Amino acid sequence: MSVEHPIVTVTGSSGAGTSFVKRAVEKIFEREKLNVAIVEGDSYHKYNRAEMKEKVAESKANGGPVLTHFSEKANEFGELEALFKEYKENGTGKRRYYIHSDEEADEHNARLGTNFSSGEFTPWEPIPEGTDILFYEGLHGMVKRMDHGPEEGMHNVAQYVDLGIGVAPSINIEWMQKIYRDTSERPYSVEQVRNIILERMPDYIETIVPQFHRTHINFHRVPLIDTSDPFSTMSDDAPMGPAPEDSLIICHVRHQDVDLNAIKDKIPGAFLQNDTTLVCNGSHMVQAMDLMMSPIIHNLIEKKRKALAAQNG
């Protein structure tokens, strides 16, 4: 029995809530006592912060389309595919980090003995040996796109993923969450975030959305209150979006290890809309995630352990 090293990805647009789902997955890893190789999607961008700013300005000066972080032109899909392939086959590969803040810069500089600043990449490093599973969170965990370099061809990252989790809330909730995050944690106004959303829309449709029919589980949050105008305030006092209890979670599952009938009975008020779709109140989202993802991750690790035992005689 050959050993295949499992890969789990959480994929969603900017503002979708992938960080929230990431924390839920990490709790499962902790409970299973797994040694995890964590890969950040931002680290596979092609340009650092200063370079990206120049490239975006250049694309606008040339009449567009505007270069965005959603596009294959702004990302190293070839490097990401190579990592997934190498890890799947050998449990190895290379990764780097994108430094988001001064605090992260201090952390990596202390670790590496370097002098990097926020907005830069650390050098490529090998993934440590002996990890149990690779976990990716970002924009492109299930991507399959044609690179614009003719020598590159098609990059199919999704083919190596054992569990792909899509986070795709109602578009108005996604926008509200993005606006709130970028105005509260980053130096943007509501109007600036609105313009970024507009510029990214073509790449959102072409690159982000198609990933959700390749995932194994999609979590889609829909509002139970009026969110019809997510740009209702153009001040810096941006709405965060509906509270969990003011939304429903549509859980669409395409994986044989998940028994939705059994899960339904464990979540108060949950019901099956059809054979592959469970609906529950947003206040039970973490519980639903845990019940759906835990058996898949557990079975992936058990399969790997059995293969290693067989290989070692």
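Me: How many nonpolar, polar and charged residues are in the lining of the second largest pocket?

Reply: That lining holds 5 nonpolar, 5 polar and 5 charged residues. Nonpolar here covers Ala, Val, Leu, Ile, Met, Phe, Trp, Tyr, Cys and Pro; charged covers Asp, Glu, Lys and Arg; the others, Gly among them, are polar. This is a predicted model: local features need pLDDT of at least 70, side-chain atom pairs count only at pLDDT 80 or more, and totals for chains, interfaces and linings use all residues. Residues are numbered from 1 along each chain as its sequence is written, and side-chain values use heavy atoms, with hydrogens and water left out.

Me: Which residues lie nearest the centre of the second largest pocket?

Reply: Rolling a probe the size of a water molecule over the atoms shows where empty space is left. On a 1 Å grid over the protein atoms alone, a cavity is a set of points where a 1.4 Å probe fits but cannot get out; a pocket is an open set with protein on both sides within 12 Å along at least five of seven lines; lining residues have an atom within 4 Å of a point. In this pocket, Ser-59, Pro-65, Val-66, Leu-67 and Lys-73 lie nearest the centre, out of 15 lining residues. Its space is about 320 Å³, a volume being what is filled by probe spheres set on grid points joined across faces, edges and corners. Helices α2 (49-61) and α6 (190-208) each supply at least two lining residues; helices (H or I, at least four residues) and strands (E, at least two) are DSSP runs numbered from the N terminus.

Me: How many cavities of 30 Å³ or more are there?

Reply: The count is 2. The largest cavity has a volume of about 90 Å³, and α5 (171-184) and α6 each supply at least two of its lining residues. That lining includes Trp-175, Lys-178, Arg-200 and Tyr-204, and by class it divides into 6 nonpolar, 2 polar and 3 charged. The second largest cavity holds about 40 Å³, with Tyr-44, Phe-77, Leu-80 and His-140 among its lining residues.

Me: Which residues touch the most other members of the largest nonpolar core?

Reply: In soluble globular proteins, nonpolar side chains tend to be buried together. A nonpolar core is a set of buried Ala, Val, Leu, Ile, Met, Phe, Trp, Tyr and Cys residues joined through side-chain atoms within 4.5 Å. Buried means under 20% relative accessible area, exposed over 50%, partly exposed in between (1.4 Å probe, protein chains only). Here, among 36 residues, those with the most such neighbours are Val-25, Ile-165, Phe-219, Leu-278, Met-292, Met-293 and Ile-297. Helix α8 (residues 285-311) gives the largest share, 10 residues. A second, separate core of 18 residues includes Phe-77, Leu-80, Leu-83 and Ile-127.

Me: Where is Phe-219 placed?

Reply: Phe-219 is in strand β9 (residues 217-223) and is buried, with a relative accessible area of 2%. Leaving out residues up to four places away in sequence, its contacts (heavy atoms within 4.5 Å) include Ile-165, Ile-249, Met-289 and Met-293.

Me: What is the average pLDDT of the protein chain?

Reply: pLDDT is the predictor's confidence in each residue, from 0 to 100. The chain averages 91, and 95% of the residues score at least 70. Over residues 234-238 the pLDDT is below 50, although this stretch has 13 contacts in the model beyond near neighbours in sequence. Where pLDDT is low, the predicted coordinates should not be read in detail.
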